[in-house]
Amino acid sequence: MIPLSWYMSLAAILFAIGVCGFLTRRNLIMMFLSIELMLNAVNLNMVAISHYLESMRGQVFTFFIITVAAAEAAIGLGIAITLYRSRKTVHVDEVNQLKG
Amino acid sequence: MFTYLFFLYCAVMIVGTGLLAVTMRNPVHSVLMVLILFFHMAGLYLILGAEFIAAVQIIVYAGAILVLYLFVLFLVSLRDEVKMDRFVTSAWLGRIISVGIGVSLIAMLPAFILGQKGHWPMDAVIKATNTKALGIEMYTTYIFPFEIAGLILLIAVIGGLVLARHDTPTTIEKS
């Protein structure tokens, strides 16, 4: 049986990769994709702990996280399309009109 | 033994494709890397005994969400994207922060203690099948969060329609 800490280390590494992508990429869509990576890391943690705790709760919450991820992708990509229509760019460092 | 090998293979593929996804120049290649990552994640769910979540991972994430990402990538300009710089100017700061987060998360792992065991040991899950066990738990204990999830999806549908609609036909009629 694989130790639980292996799964949690893998989830931590994947979460860090997602944070790295979110903080470094310029493209808004790539930033949303990095958020998906972070949500997947949390899902892996949830399912692993649910398996080792002999409980179904983690899997139920993974289901809800997948729902929220789908909603977030739909709304976020809608915002990206609207941004591209009005500003002709999806790069976050070029959208700085709100700066004081 | 086979489980260990499978876990290690999936872990190496997940970390490798994740790193490639956040560093590759072409966004379409990044999305395809994330597709491979989701398939290996489904493999990990299978060895954890969560067959339903593995199927949902492939159907919803790989089948629906990534296709949505690809469509939106094709809607925005991709041609100049491959020539431009793909990182923000302060990218090194983000890398330092993410390495710090990863190291501190792993360093905190030994302090983690499992809580009280639940009511679904592996034999009961196998007897009832995974999907039925998940359904029993979801439609009895978690029925209220389940309905809130439905509401969130409704808001997402309406929000996506409102945000992506464009008003050019009406402005043409006015002019």
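Is Glu54(A) buried, partly exposed or exposed, and how many C-beta neighbours does it have inside 10 Å? Glu54(A) counts as partly exposed, because it has 15 C-beta neighbours inside 10 Å. A residue is buried if 20 or more other C-beta atoms lie within 10 Å of its own, exposed if 12 or fewer, and partly exposed in between, with C-beta atoms placed from the backbone.

1. Basis of the note. This is a predicted model, in which local features need pLDDT of at least 70 and side-chain atom pairs count only at pLDDT 80 or more, while totals for chains, interfaces and linings use all residues. Residues are numbered from 1 along each chain as its sequence is written, and chains are lettered from A and ligands numbered from 1 in the order in which they are written.

2. Confidence. The predictor assigns the complex an ipTM of 0.92 and a pTM of 0.91. Chain A has a mean pLDDT of 91, with 99% of its residues at 70 or more; pLDDT is the predictor's confidence in each residue, from 0 to 100. Among the elements of chain A, the mean pLDDT is lowest in α3(A), at 91, and highest in helix α1 (residues 4–24), at 94. For chain B the mean pLDDT is 88, and 94% of its residues reach 70 or more. Where pLDDT is low, the predicted coordinates should not be read in detail.

3. Chain B as a whole. Chain B has eight helices and zero strands, where helices (H or I, at least four residues) and strands (E, at least two) are DSSP runs numbered from the N terminus. Its C-alpha trace spans about 70 × 40 × 30 Å along the principal axes. The radius of gyration of chain B is 22 Å, whereas a compact globule of 175 residues would have one near 16 Å; the radius is taken over C-alpha atoms, and the globule rule is 2.2 Å times the number of residues to the power 0.38. Of the 175 residues in chain B, 22% are buried.

4. The interface. Chain B places 70 residues in contact with 61 residues of chain A, two residues being in contact if their C-beta atoms, placed from the backbone, lie within 7 Å. On chain B, α1 (2–23), α2 (27–47), α3 (51–75), α4 (91–107), α6 (130–140) and α7 (143–164) each supply at least two residues of the side that touches chain A. That side has 52 nonpolar, 13 polar and five charged residues. Ala, Val, Leu, Ile, Met, Phe, Trp, Tyr, Cys and Pro count as nonpolar, Asp, Glu, Lys and Arg as charged, and the others, Gly among them, as polar.

5. The axes of α3(A) and α3(B) cross at roughly 5° and come within 10 Å. Axes are lines fitted to C-alpha atoms, for helices over the stretch in contact, and angles run from 0 to 180 degrees between N-to-C directions. The two helices, α3(A) and α3(B), are therefore roughly parallel to each other. Angles under 35 degrees count as roughly parallel, over 145 as roughly antiparallel, 65 to 115 as roughly perpendicular and the rest as oblique. The contact of α3(A) with α3(B) has 18 nonpolar, two polar and no charged residues.

6. Tyr69(B). This residue belongs to helix α3 of chain B. Tyr69(B) is buried because 25 other C-beta atoms lie within 10 Å. Apart from its neighbours within four places in sequence, Tyr69(B) is in contact with Ile29(A), Leu33(A), Leu77(A) and Val31(B).

7. A helix pair within chain A. Helix α2 (residues 28–52) and helix α3 (residues 57–87) of chain A pack at an angle of about 175°, and their axes are 9 Å apart. Thus α2(A) and α3(A) are roughly antiparallel to each other. By class, their contact has 16 nonpolar, six polar and three charged residues.

8. Ala41(A). Helix α2 of chain A contains Ala41(A). Ala41(A) counts as buried, because it has 25 C-beta neighbours inside 10 Å. Not counting residues up to four places away in sequence, Ala41(A) touches Ala11(A), Leu14(A), Phe15(A) and Gly18(A).

9. Backbone points to check. Most residues other than glycine have a negative phi, and most peptide bonds are trans. Glu54(A), not a glycine, has a positive phi of about 55°, and sits in the loop between α2 and α3 of chain A. Thr129(B), also not a glycine, has a positive phi of about 65°. Thr129(B) lies in the loop between α5 (122–128) and α6 of chain B, and is exposed, with 12 other C-beta atoms within 10 Å.
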